[in-house]
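Let's take a friendly walk through this fold, starting with its sheet and then turning to its helices.

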Amino acid sequence: PFLLTDIDKAVSRIRRAQQKGETVAVYGDYDVDGITSTCLLTDYLRSRGLTCDWYIPDRSDEGYGLNTNALLKLRNSGTSLVISVDCGITATEEAVFARNIGLDLVITDHHECRSGAIPDVCAVIDPKRPDDSYPNPDLAGVGVAFKLVSACSGDQSGMLERYADLV
């Protein structure tokens, strides 16, 4: 997992949240990839003792990806770290908004970054980043989330045994 760009930064930020007892939210996409990613990461973080909420936007009302209203709602509920799964690679404006309201953001995604602009956040894990040389750029979003929990745990085989049904 540590071949993915920024995964070390994401692990460090998650460990800091754990040490400080912060509230974390997993922000997923509303499709099957996003839902399985959300379940996997939320379960893992809770198993590590973190207070972890989840957020999946309403497809009709909110559309795809991160949105400022949801980020503000999460921040107002006490969340200090949001980890996106299966979305976020194009969220440059939302990243600025999150920073301005004191919300840290880790992005995990697998979609193309068409503009080439990487959001300015704690970490952006996406095997399709132009500066990433991960050997399998075709991971699904849940594959990227799986690599993150593998990096956090230090036990990829154990995480696969635990989460193979979702991955």
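## The sheet

Two strands pair if DSSP finds at least two bridges between them; strands (E, at least two residues) and helices (H or I, at least four) are DSSP runs numbered from the N terminus. In this predicted model, local features need pLDDT of at least 70 and side-chain atom pairs pLDDT 80 or more, while totals for chains, interfaces and linings use all residues. Residues are numbered from 1 along each chain as its sequence is written, and side-chain values use heavy atoms, leaving out hydrogens and water.

Five strands make an open sheet with parallel pairing, ordered 2-1-3-4-5. Strand 2 (51-55) and strand 5 (123-125) each have a single partner strand, so one side of each lacks a neighbour in the sheet. Strand 1 (residues 23-28) and strand 3 (residues 79-85) are joined by six bridges, with Thr23 partnered by Thr79.

## Helices on the sheet

Helix 2 lies across strand 1, strand 2 and strand 3, at about 170° to strand 2; angles run from 0 to 180 degrees between N-to-C directions, with axes fitted to C-alpha atoms.

## Helix 2 meets helix 5

The axes of helix 2 (residues 32-47) and helix 5 (residues 141-153) come within 8 Å, crossing at roughly 15°. The two are therefore roughly parallel (angles under 35 degrees). Residues meeting here include Leu40 and Tyr44 in helix 2, and Ala145 and Phe146 in helix 5.

Notes:
Parallel < 35°, antiparallel > 145°, perpendicular 65-115°, else oblique. Contact = heavy atoms within 4.5 Å.
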